[in-house]
Amino acid sequence: MDLELRHLRIVREVADAGSVSKAASRLGLAQPALTAQLKRIERVLGGTLFERDRHGARPTRLGELVLARARVLLPAAKELQEEAVRFAHTPSPGFRIGATNGPILGGLVDRIAAERAVTTYTSWSAQELNGMVEHGRLDYVLTGACGDAGVPSGALLWETISLDPVFVLVSRDHSMAGAKEVGLADLAGEQWAVTPGDGCFADCFATACARAGFTPGTIYETDVPTCTHLARVGRAVVLCQATHQPAAGLVMVPLAGAPLRWRQLLGRHPTAPDPAWVVTQARQAHHDAVRRSPVYADWLDRNPGYGTTA
């Protein structure tokens with residue numbers, strides 16, 4: 001048997017109580033059981049730890065040595081345990097950010113990484129990311145919601161980064177590629193491509209199409225590279241955020257009247273580090289994305305009330 005901290009606690013308890021019987025009562029043990037444990041401890045340490053008579057139990061010289069060490073080691077072990085628990089529940093000195101698919105994450109990470117450490121985690125599921133923030137596995141989540149939909153319920157604190165229209169991506173050979181904007185009804189005969197998610201966008205899109213007088217045809221729910229490929233070859237029209245940066249062979253076209261809108265949201269854990277600074281960086285990242293998108297910048301000139309929030 002090796003010496004353990006619990007053995008030192010027994011030695012200390014017997015010394016403090018002044019007798020094995022009193023120590024057994026304090027520890028919630030039967031006296032014979034404690035006596036047996038004490039004998040096993042003495043065998044490990046190589047000698048008698050207490051002199052016992054009708055007046056109680058008094059430490060021997062060996063017992064005094066062991067007791068002196070126990071009074072140092074036991075508080076140190078308790079302090080170590082408490083410090084480890086605090087450390088495990090203290091947020092990282094850097095930033096842990098989760099995000100669903102969106103065009104401003106790269107800019108946000110670039111801005112934060114210029115000054116502080118940052119790690120990222122992406123998922124199609126906003127619910128998964130929100131849960132990770134609630135349980136302290138992430139500090140922030142960058143996600144979104146349609147139009148006037150409320151923020152997700154739960155313990156997270158939320159900031160609106162922007163309110164943007166939803167545009168479409170089409171092939172440069174598409175008949176609508178040169179249009180200043182296109183009505184949603186003018187796309188009634190198209191097939192569609194969207195990235196997946198567990199938010200409200202699918203319902204919002206179906207509602208917008210119904211208002212425009214049609215039911216959308218085939219909807220391909222897939223990753224970003226596949227969406228852009230389908231648009232490039234003319235197989236589908238892609239719904240995208242207005243800050244999206246089109247790839248070669250694609251044209252981004254606004255939808256007339258902004259029938260679909262997207263609010264970019266930043267959620268945070270109540271103990272997340274530097275929230276005001278991170279919110280500022282997110283808004284600046286969105287502003288930078290707008291400047292890189294001539295189509296959106298031009299649309300904003302004609303449609304005030306959208307874009308980066310104050």
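Begin by selecting Glu159 and Arg283, whose side chains meet in a salt bridge at 3.5 Å, N to O; a salt bridge here is a side-chain nitrogen of Lys or Arg within 4 Å of a carboxyl oxygen of Asp or Glu. The pair links distant parts of the chain, 124 residues apart: Glu159 belongs to strand S6 (residues 157-171) and Arg283 to helix H9 (residues 275-291). Helices (H or I, at least four residues) and strands (E, at least two) are DSSP runs, numbered from the N terminus. Glu159 counts as partly exposed at 28% relative accessibility, whereas Arg283 is buried, with a relative accessible area of 18%. Buried means under 20% relative accessible area, exposed over 50%, and partly exposed in between (1.4 Å probe, protein chains only).

The model is predicted: local features need pLDDT of at least 70 and side-chain atom pairs count only at pLDDT 80 or more, while totals for chains, interfaces and linings use all residues. Residues are numbered from 1 along each chain as its sequence is written, and side-chain values use heavy atoms, with hydrogens and water left out.

Remain in helix H9 and select Asp288 and Arg291, which are three residues apart and so separated by about one helical turn. Their side chains meet in a salt bridge (3.0 Å, N to O). Which of the two is buried, and which is exposed? Asp288 is buried, with a relative accessible area of 12%; Arg291, at 56% relative accessibility, counts as exposed.

Side chains of opposite charge can pair when their charged atoms come close. A search of the whole structure finds 13 salt bridges. For another of these, select Asp16 and Arg71, where the closest N and O atoms are 2.8 Å apart. Asp16 lies in helix H1 and Arg71 in helix H4, so this pair ties together parts that are 55 residues apart in sequence. Asp16 is partly exposed at 41% relative accessibility, and Arg71 is partly exposed at 40%. Next, select Glu51, Asp53 and Arg58, which are linked in a network of salt bridges.

Return to helix H4 (residues 61-88) and select Leu74. Leu74 is buried, with a relative accessible area of 7%. Leaving aside neighbours within four places in sequence, Leu74 is in contact (heavy atoms within 4.5 Å) with Leu5, Leu8, Arg9 and Arg12.

Now display H1 (5-17) together with helix H3 (residues 31-45). How do they pack? Their axes are 10 Å apart at an angle of about 115 degrees; axes are lines fitted to C-alpha atoms, for helices over the stretch in contact, and angles run from 0 to 180 degrees between N-to-C directions.

Finally, select Thr100, in the loop between strand S3 (95-99) and helix H5 (105-113). Thr100 counts as buried at 16% relative accessibility. Beyond neighbours within four places in sequence, the contacts of Thr100 include Ser123, Trp124, Leu129 and Thr143.
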